[in-house]
Amino acid sequence: MAHRAQELAAAPYRPHEVKLPKELETIDYDHFRDIRFRPERRLWHDANLPFELAFFHLGLYFNHSVRINEVNGETVREVRYDPSLFDYGANKFDPKRMTGLGFSGFRVHYAVNTPKYKDEVLVFLGASYFRALGKGQVYGISARALAIDTGLASGEEFPSFVEFWIERPALAATELKIYALLDSKRASGAYSFVLRPGVETAVDVKARLFLRDNVSRLGLAPLTSMYFFGANEHLTREDYRPEVHDSDGLSVHSGTGEWIWRPLDNPKRLLVTSFALTNPTGFGVMQRNRNFDHYEDLEARYDLRPSVWVQPNGNWGAGRVELVEIPSPDETNDNIVAYWVPDTPPKLRVPFDMEYRLLWQKESATHPPSSWVTQTRRGRGYVSKGDGSLGFVIDFDGPALRKLPTDTEVEGVVTVDSNGDLREVVTRRNEVTGGWRVVFRVARADVDKPIEMRAYLRTRTSAVSETWSYVLPPE
């Protein structure tokens with residue numbers, strides 16, 4: 001497969017779109033949702049294997065056909081599209097016009113919540129997007145194989161999976177192996193995925209990439225999420241929900257041992273920030289807030305959406321974790337992207353290898369061992385003279401704080417860049433939660449520029465929290 005990826009990179013790019021029947025080109029969202037794969041036709045259903053596969057129909061946003069193969073020992077066979085595999089619901093389609101279309105993607109089913117039912121645990125659908133679920137989770141954040149020129153004025157390029165090979169599992173298998181071929185205008189690649197569903201579902205990723213042409217910004221192990229509004233900002237229109245987001249922050253564990261937390265934002269203008277690192281231990285786009293009453297959405301259930309932690313395998317060298325925050329007028333857009341950018345990009349048509357593990361987490365989400373930020377709030381609050389400053393409230397909690405004697409002196413250390421004027425800092429124990437709270441006010445010198453701020457807790461002898469790192473976007 002790596003050889004095929006190398007051959008693709010050496011040849012001119014050929015788009016993989018297919019010509020759809022008019023019925024599918026003009027279909028609306030509701031009618032497309034009415035096309036469902038028949039559960040009894042899932043691959044391996046009759047064999048009573050622990051994993052089963054279902055497939056997605058072409059149409060609406062998905063006009064890219066992918067070839068899907070089953071690998072059984074030394075035998076490889078294509079899983080062929082057949083209109084009879086689908087229930088078209090209220091759609092009045094002539095099945096003869098659908099013959100030979102192919103699939104747009106597939107999903108994996110496995111009994112992760114109860115042994116009586118095989119849940120969806122992994123989906124590959126659209127470009128190089130995929131997302132997984134652990135026990136008690138609902139779909140939210142997505143992963144991608146590759147991000148090219150995200151957030152650049154020149155426009156983003158979206159590589160796509162064009163073919164999959166899926167190994168038939170054994171009768172008692174607890175993992176599923178998937179292989180994929182990636183292609184785009186400037187890149188190709190061979191990928192392998194090992195899926196291990198559970199309370200915390202893991203996906204091990206290995207990739208060999210080849211570049212056809214130069215790339216300005218190559219994003220590896222990219223994660224894509226949605227942040228509309230949360231505790232750290234106020235919505236300008238009425239909404240009964242206190243917060244709306246799939247994720248609320250970026251967590252970074254540097255190679256030096258420092259933990260950094262950057263709360264997400266929905267800025268008025270595109271905002272790109274980064275953390276320079278060498279051999280990171282990991283990073284993730286996380287949903288730390290698990291309280292239903294912070295969302296009050298019985299349909300979306302943002303409180304059940306997973307965090308995703310990227311755990312590098314081997315040394316990734318020097319580079320940066322980059323965060324792209326895109327303005328969004330509503331919650332229908334994925335407007336958050338985070339990925340790794342190597343300082344030394346791959347050479348053209350020379351293989352570039354990388355390995356990492358993705359962990360889809362909920363209650364057991366990765367945290368620093370000391371203490372971490374539980375919430376960030378900001379607002380004007382009450383200021384008698386109305387000095388134009390903005391107030392921030394940061395709550396910390398965790399084992400390091402809970403172990404401190406009650407008479408321990410804890411200091412909140414806050415720093416701001418040259419565009420900010422730090423007015424006051426107050427640190428106190430949060431008697432309600434048992435954690436600690438840092439409150440400070442900052443004024444902005446130039447409203448058209450951001451302010452970068454950092455805060456953490458320390459005792460007289462050592463730091464006892466992760467580092468809160470925040471960029472206040474321009475007004």
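**Salt bridges, cores and an enclosed strand**

Aspartate 34 and arginine 36 form a salt bridge in which the closest N and O atoms are 3.0 Å apart. The model discussed here is predicted. Of these two partners, aspartate 34 counts as buried, at 19% relative accessibility, because the limit for a buried residue is under 20%. Arginine 36, by contrast, is partly exposed, with a relative accessible area of 49%. Side chains of opposite charge can pair when their charged atoms come close. The structure holds 37 salt bridges by the rule applied.

Glutamate 163 forms a salt bridge with arginine 67, with 3.2 Å between the closest N and O atoms. Glutamate 163 belongs to strand E11 (residues 160-167) and arginine 67 to strand E3 (residues 67-72), 96 residues apart. Glutamate 163 is buried, at 8% relative accessible area, whereas arginine 67 is partly exposed at 40%. Both residues belong to a network of salt bridges that also links Arg4, Glu78 and Arg80.

A further salt bridge brings together the side chains of aspartate 265 and arginine 378, at 3.1 Å from N to O. Aspartate 265 lies in the loop between E19 and strand E20 (271-278), and arginine 378 in strand E26 (residues 372-379), so this pair ties together parts that are 113 residues apart in sequence. Aspartate 265 is buried, with a relative accessible area of 2%.

Strand E31 (residues 451-458) pairs with E32 in the antiparallel sense over five bridges, and alanine 455 stands opposite tryptophan 468. Six of the six residues of E32 (residues 467-472) are buried, so the strand is largely enclosed by the rest of the structure. In a regular strand the side chains alternate between the two faces of the sheet. In E32, Thr467, Ser469 and Val471 point one way and Trp468, Tyr470 and Leu472 the other, and all are buried.

The largest nonpolar core has 83 residues, and Phe193 is one of those with the most contacts inside it. Apart from this core lies another, of 27 residues, among them Ala455 and Tyr470.

At the surface, Leu270, Val272 and Ile326 form a nonpolar patch with about 200 Å² of accessible area together. Isoleucine 326 lies in the loop between strand E23 (318-325) and strand E24 (336-342).

Terms used: Residues are numbered from 1 along each chain as its sequence is written. This is a predicted model: local features need pLDDT of at least 70, side-chain atom pairs count only at pLDDT 80 or more; totals for chains, interfaces and linings use all residues. Side-chain values use heavy atoms; hydrogens and water are left out. Buried means under 20% relative accessible area, exposed over 50%, partly exposed in between (1.4 Å probe, protein chains only). Helices (H or I, at least four residues) and strands (E, at least two) are DSSP runs, numbered from the N terminus. Two strands pair if DSSP finds at least two bridges between them. A nonpolar core is a set of buried Ala, Val, Leu, Ile, Met, Phe, Trp, Tyr and Cys residues joined through side-chain atoms within 4.5 Å. Patches are made of residues with over 30% relative accessible area and no salt bridge: like charges are joined within 9 Å, nonpolar side chains (Val, Leu, Ile, Met, Phe, Trp, Tyr) within 5 Å. Accessible areas come from the Shrake-Rupley method with a 1.4 Å probe; for residues, only the protein chains shown count as cover. A salt bridge is a side-chain nitrogen of Lys or Arg within 4 Å of a carboxyl oxygen of Asp or Glu.
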